[in-house]
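Here is a short report for a reader coming to this structure for the first time. It starts with one chain, then turns to the contact between two chains and to a few single residues.

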Amino acid sequence: MDDDRPIFVQIAELIENSIIDGTLAEETQVPSTNELAAFHRINPATAAKGINRLVDDGILYKRRGIGMFVATGARETLRERRRLDFATQYVRPLVDEARKLGIGTEELKKLIETWEEQR
Amino acid sequence: MTVVAASGLTKRYRDVTALDDVSFTLEENAIYGLLGRNGAGKTTLMQLITGQTGATSGSLELFGEHPYENERALMKVVFIKESQKYPTAYKVKHVLSLARHLFPNWDEDFAQSLVDDFNLPRKRDVRKLSRGMTSALGVTIGLAARAPLTFFDEPYLGLDAVARQLFYDRLLADYAEHPRTVVLSTHLIDEVADLIEQVLLLDRGKLVLDADTDELRGEVMDATGPAEAIDEFATGRQVLHREQLGGVVRVTLRGSFDNAERMRAKKLSIDLQPVSLQQAVVRLTMERKTDR
C-alpha cells in the first residue's frame with residue numbers, strides 16, 4: 001500500500017478492479033478480512049473497513065457464516081461508475097497537459113487514433 | 001470497551017516533567033503506535049499504566065481500576081521492554097515455563113512455534129543469549145501471553161530485518177485470530193505504519209497527536225510549486241515545514257485534501273506528494289520546536 005489515499009480505500013479499489021477485470025466473478029467468494037490483512041500486511045480493522053465500503057455500495061454481500069460474495073450486477077455497476085469518473089480522472093489531465101505543450105484538439109485526436117491502431 | 005483511560009496524567013521527577021497533562025483512551029481490540037523521540041515520555045507512560053510507578057497528578061484507569069499494585073488488573077497486562085533482565089541461572093525453557101504460569105491466556109503451542117521460528121536455543125542460559133535472541137525471547141513471551149493489553153517497548157534491539165518481519169507477521173496473524181489491545185512503541189515508524197490503527201505521538205511529555213493512522217495518511221502532504229500559488233493554497237491549512245529554492249517553495253501541509261482540492265492544486269501548478277507516516281511524525285515533532 002503506497003499511495004497517499006487511505007488504505008481502506010485502496011483495498012476497496014483492488015477488489016473493485018478484480019471484479020471489473022473478471023478475476024472475481026459475480027457470486028464468488030471474496031478473500032476474508034484476515035486473508036486480506038495477512039496478504040497486504042495491514043491491520044485487519046482497515047481491511048474490514050474496505051470490505052464494508054463495498055457492502056454499503058451493494059457490490060458485495062454477506063452470506064451468514066460463510067463470508068462475503070460478489071453481488072450479481074456488481075461488474076456493470078462498477079463499470080458504469082468508472083465511466084462517469086473517466087472524464088475527470090483521465091480526459092481532463094490529458095487535455096490540460098496537451099494545452100500546456102501546445103497540442104491542439106485535432107492533433108490530440110490524431111494521436112489517440114494512432115495509439116488505437118498500434119494496440 | 002475502554003482498556004485504559006488517562007486524564008490529565010502528569011509525572012514529575014524532581015525538576016523534570018516526564019509527562020505533562022496527558023489525556024487519552026486505549027480501546028479494546030486495536031493496535032496502537034506509541035511514537036516519539038527518546039526522552040519524550042513513552043516509557044514513563046507505559047510504566048504508569050503497568051503500575052510500576054505512580055503518577056504525580058491526574059487520573060488513570062486500567063480495566064476500570066487503579067493500576068498501582070493492583071494484581072487483578074495487572075494480570076491482564078504483558079509489558080515487553082527493551083533489554084529485559086531475567087533471573088540468573090535460568091535457561092530459555094525455564095523463562096518460558098515461568099511465563100506459562102504467569103499469564104492466564106498463555107498458549108504453549110504458539111510459544112513453541114515462535115521458539116522454532118526464531119531459532120531460540122531452549123537449553124541455553126538466558127544471560128548467554130545474544131542481543132537479538134534476548135529480544136526474540138521477549139517477543140515470544142509478549143505474543144504467546146495473549147494478554148488483553150500487550151505492550152512492546154522497542155522490542156527490537158539486535159533483531160535483524162528478517163526477524164522483525166517474522167514478528168510483524170506473527171503478530172498480525174495472531175491478532176486476527178485473537179483480537180486484543182496492542183501498544184507498539186518504536187522508532188521504526190514506517191515498518192509498523194500499516195499495522196497500527198491509531199497513532200499516539202509524545203513530544204517532551206506532551207501528547208501532540210492522537211489520530212487514526214489511515215486518516216492521518218491523507219491529511220499530511222508535501223506541496224511544491226510557485227511561491228504565490230503555495231501561499232494561496234496553504235491558507236486554512238497548518239504549515240508544518242517550509243523550504244524555498246528560488247521561486248519554488250515546498251511546504252508540508254496538514255489539512256483535508258479532497259478531489260476538488262487536488263484539482264485546485266493542479267490548476268495552481270502545485271505538485272502534491274504524499275508523506276510517509278514517519279515523515280509526518282518528524283514534521284509534527286519539529287514543528288513544535290519552532291513554536292518555542
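Helices (H or I, at least four residues) and strands (E, at least two) are DSSP runs, numbered from the N terminus. This is a predicted model, in which local features need pLDDT of at least 70, side-chain atom pairs count only at pLDDT 80 or more, and totals for chains, interfaces and linings use all residues. Residues are numbered from 1 along each chain as its sequence is written, while chains are lettered from A and ligands numbered from 1 in the order in which they are written.

**Chain B overall**

Chain B holds eleven helices and 13 strands. Its C-alpha atoms fill a box of roughly 70 × 40 × 35 Å along the principal axes. Chain B has 292 residues, and 39% of them count as buried. Buried means 20 or more other C-beta atoms within 10 Å of the residue's own, exposed means 12 or fewer, and partly exposed lies in between, with C-beta atoms placed from the backbone.

UniProt, in an unreviewed entry, lists residues 4-229 of chain B as "domain: ABC transporter". UniProt positions are given in the numbering used here, feature names are shortened, and annotations may be inferred rather than shown by experiment. The span 4-229 of chain B is 34% helix and 31% strand. Its end C-alpha atoms lie 45 Å apart.

Two residues are in contact if their C-beta atoms, placed from the backbone, lie within 7 Å. Of the contacts in chain B with a separation of 6 or more, 69% join residues 24 or more positions apart.

**Where the chains meet**

Chain A puts 16 residues into the contact, and chain B puts in 17 residues. On the chain B side, strand 3 (30-35), helix 6 (161-177) and helix 8 (213-217) each supply at least two residues. Helix 6 of chain B gives the most, with five residues. The chain B side divides into eleven nonpolar, one polar and five charged residues. Here Ala, Val, Leu, Ile, Met, Phe, Trp, Tyr, Cys and Pro count as nonpolar, Asp, Glu, Lys and Arg as charged, and the others, Gly among them, as polar.

**Two helix pairs**

Axes are lines fitted to C-alpha atoms, for helices over the stretch in contact, and angles run from 0 to 180 degrees between N-to-C directions.

| Helix pair | Axis distance | Angle |
|---|---|---|
| Helix 4 (residues 108-117) and helix 5 (residues 131-144) of chain B | within 9 Å | roughly 155 degrees |
| Helix 2 (residues 33-40) of chain A and helix 6 of chain B | 10 Å | about 170 degrees |

Helix 4 of chain B is therefore roughly antiparallel to helix 5 of chain B. Helix 2 of chain A and helix 6 of chain B are roughly antiparallel too. That label applies to angles over 145 degrees.

Helix 2 of chain A meets helix 6 of chain B through A:Asn34, A:Ala37 and A:Ala38 on one side and B:Leu172, B:Ala173 and B:Ala176 on the other. This contact has five nonpolar, one polar and no charged residues.

**Single residues**

B:Ala280 sits in helix 11 (residues 277-291) of chain B. Is B:Ala280 buried or exposed? B:Ala280 is buried, because 26 other C-beta atoms lie within 10 Å. Beyond its neighbours within four places in sequence, B:Ala280 is in contact with B:Leu216, B:Val220 and B:Val275.

A:Glu27 is not a glycine, yet has a positive phi of about 70 degrees. A:Glu27 lies in the loop between helix 1 (7-20) and helix 2 of chain A. A:Glu27 is exposed, with 10 other C-beta atoms within 10 Å.

How values were computed: Angles under 35 degrees count as roughly parallel, over 145 as roughly antiparallel, 65 to 115 as roughly perpendicular and the rest as oblique.
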